[in-house]
Amino acid sequence: MAQQSRTLFFMHDLPQSSYVNPAIQPQCRFFLGFPALTSHYFNISSTALSYNDFATGETHIDLSGIPGKLKTVNYVTAEAHLNLFSAGYVYNDFYFSFNIAEKLSATAFYPKNLAEIAINGNDSFVGKTVVTRGLGASAYHLREYSIGVAQDVDWNYQWGVRGKLLFGKANLNSQSSGIRFTTERDSYDLLADWAYQINTSFPLAIPQVDGEVQLDGIDVQEINLFKYLLNPKNMGFAIDAGFVYRNETVTWSGSVLDFGVLRWKTDVNSFTSNGTFLYEGVTVNDSFDSDEFVETMTDSINNQLTVLLEPVGSYYTFLPAKINLGLNYEFHPKLNAGLLFRTEFYPRGAAPSLTLSLNTIQLDKFIGSVSYSVMNGSFNNLGLGFGIGGKSFMFHAVSDNVLGFLSPQKAHTANIRFGMHFLFGCKQKQRGFKYSGPGCAGILPD
């Protein structure tokens with residue numbers, strides 16, 4: 001689930017900002033990302049909890065306050081984007097770009113009511129039926145080839161689109177109609193039934209006995225790394241689109257990212273499970289122990305869990321789309337203030353965020369941004385971004401929450417993007433252009 005960088009969105013003097021808005025163009029005629037180090041991105045995030053929310057010390061774990069901090073559906077995400085090669089060229093008013101990237105992402109999602117049952121037992125659900133629909137996981141590894149085009153229509157308006165050809169390498173994707181829990185009013189017995197399907201595209205050795213999958217015996221087959229990395233059969237496509245619209249002091253910008261789909265065809269397996277189990281309920285009056293409850297309930301599920309391997313030729317997955325909408329106000333010839341609304345679409349829900357930033361404009365050897373974000377259920381997100389170098393060569397580093405590295409036990413988000421690039425033909429590109437608003441190039445009006 002690609003988070004990308006909110007701080008990067010308003011750093012328009014940095015060519016890599018086109019990753020989050022394809023309408024952005026570099027100020028020089030030719031752009032070349034440093035091979036294998038053009039711009040790499042790493043992120044880990046949790047939409048509800050930090051380490052300090054359940055660990056009050058090095059040896060003490062306190063789960064009692066967890067349910068009150070959870071949302072209806074909660075997410076934990078880890079991802080990495082490794083850009084292998086990037087290049088761009090300006091021709092007349094058009095900017096053409098090309099990029100190759102390896103992308104890995106893994107997301108686990110879990111519902112609040114399931115955590116409540118696991119931590120507090122089913123006492124608060126007596127006589128009720130609870131349906132849980134937000135439990136699952138999604139993970140993928142893919143290679144992305146993208147071609148983009150952006151245009152300066154006039155001084156006020158820029159647009160850009162980027163098409164992406166995707167080649168999937170590995171995938172895990174869960175699908176569920178939910179888990180239904182019913183607590184009997186008289187006996188406190190907990191009755192649960194579920195229907196799950198997990199699709200995978202990865203070489204697995206799967207033992208079966210009488211048609212049932214032996215989960216503890218599943219193993220990874222020997223992988224031919226060359227064949228794995230060059231596998232062309234799991235194809236997909238995606239599109240990014242963006243715009244910039246400016247007047248003398250205010251600039252609007254926005255983008256839609258990763259709107260696309262993949263079809264998985266190689267080493268495909270589909271695991272299904274439809275089952276029920278009955279657990280003798282306990283209440284607070286029974287000296288409830290959450291660890292013992294979870295262990296006993298897990299044993300009960302395992303004893304009654306039946307997993308079947310279903311034949312399937314292929315399946316589809318959608319990329320997690322993102323929407324950005326930003327506003328810049330230029331209050332100084334070298335500075336502007338930015339406001340960004342961003343929404344990321346997860347399975348079973350969406351995660352909105354808000355970012356305020358202060359950004360430099362047209363400094364010779366330095367690009368800078370300071371940001372503050374409300375995201376992933378946290379108000380403690382201070383971002384920093386900079387580019388150091390000159391017109392021909394620059395190193396950059398951007399993070400949405402540097403506090404995630406200084407105090408990781410309190411953080412919901414920790415991410416960083418870094419890399420270096422070359423720019424050529426800067427004087428030719430700058431002729432006839434005025435730099436305004438967020439630092440974007442715009443053709444002077446007649």
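**Notebook: loops, a charged patch and aromatic pairs**

I began with Lys-233, which sits in the loop between helix 2 (225–229) and strand 13 (235–246). The model I am reading is predicted. Lys-233 counts as exposed, because its relative accessibility is 52% and the cut-off for exposed is over 50%. I then looked up its neighbours in charge: Lys-233 forms a positive surface patch with Lys-227, Arg-263 and Lys-265.

Next I checked backbone angles. Most residues other than glycine have a negative phi. Asp-267 is not a glycine, yet has a positive phi of about 50°. I found Asp-267 in the loop between strand 14 (250–264) and strand 15 (268–279), partly exposed at 43% relative accessible area. Gln-362, also not a glycine, has a positive phi of about 55°. Gln-362 is in the loop between strand 20 (349–360) and strand 21 (366–374), and at 16% relative accessibility Gln-362 counts as buried.

I turned to the aromatic rings and noted 12 aromatic pairs in the structure. Phe-85 and Phe-98 make a tilted pair, 6.4 Å centre to centre with 55° between the planes. Phe-85 belongs to strand 3 (residues 73–91) and Phe-98 to strand 4 (residues 94–111), so this pair ties together parts 13 residues apart in sequence. Phe-85 is partly exposed at 30%, and Phe-98 is partly exposed at 31%.

I also looked up Tyr-145 and Phe-167, an edge-to-face pair at 5.8 Å centre to centre and 85° between the planes. Tyr-145 is in strand 6 (residues 136–152) and Phe-167 in strand 7 (residues 157–183), 22 residues apart. Tyr-145 is partly exposed at 30%, whereas Phe-167 is buried at 15%.

Last, I noted one aromatic cluster formed by Phe-30, Phe-393, Phe-422 and Phe-424.

Definitions and conventions. Residues are numbered from 1 along each chain as its sequence is written. This is a predicted model: local features need pLDDT of at least 70, side-chain atom pairs count only at pLDDT 80 or more; totals for chains, interfaces and linings use all residues. Side-chain values use heavy atoms; hydrogens and water are left out. Helices (H or I, at least four residues) and strands (E, at least two) are DSSP runs, numbered from the N terminus. Buried means under 20% relative accessible area, exposed over 50%, partly exposed in between (1.4 Å probe, protein chains only). Patches are made of residues with over 30% relative accessible area and no salt bridge: like charges are joined within 9 Å, nonpolar side chains (Val, Leu, Ile, Met, Phe, Trp, Tyr) within 5 Å. Accessible areas come from the Shrake-Rupley method with a 1.4 Å probe; for residues, only the protein chains shown count as cover. A salt bridge is a side-chain nitrogen of Lys or Arg within 4 Å of a carboxyl oxygen of Asp or Glu. Lys and Arg count as positive and Asp and Glu as negative; His and the chain ends are not counted. The place of a charge is taken as NZ of Lys, CZ of Arg, CG of Asp or CD of Glu. Rings of Phe, Tyr and Trp (its six-membered ring) pair if their centres lie within 6.5 Å; planes under 30 degrees apart count as stacked, over 60 as edge-to-face and the rest as tilted.
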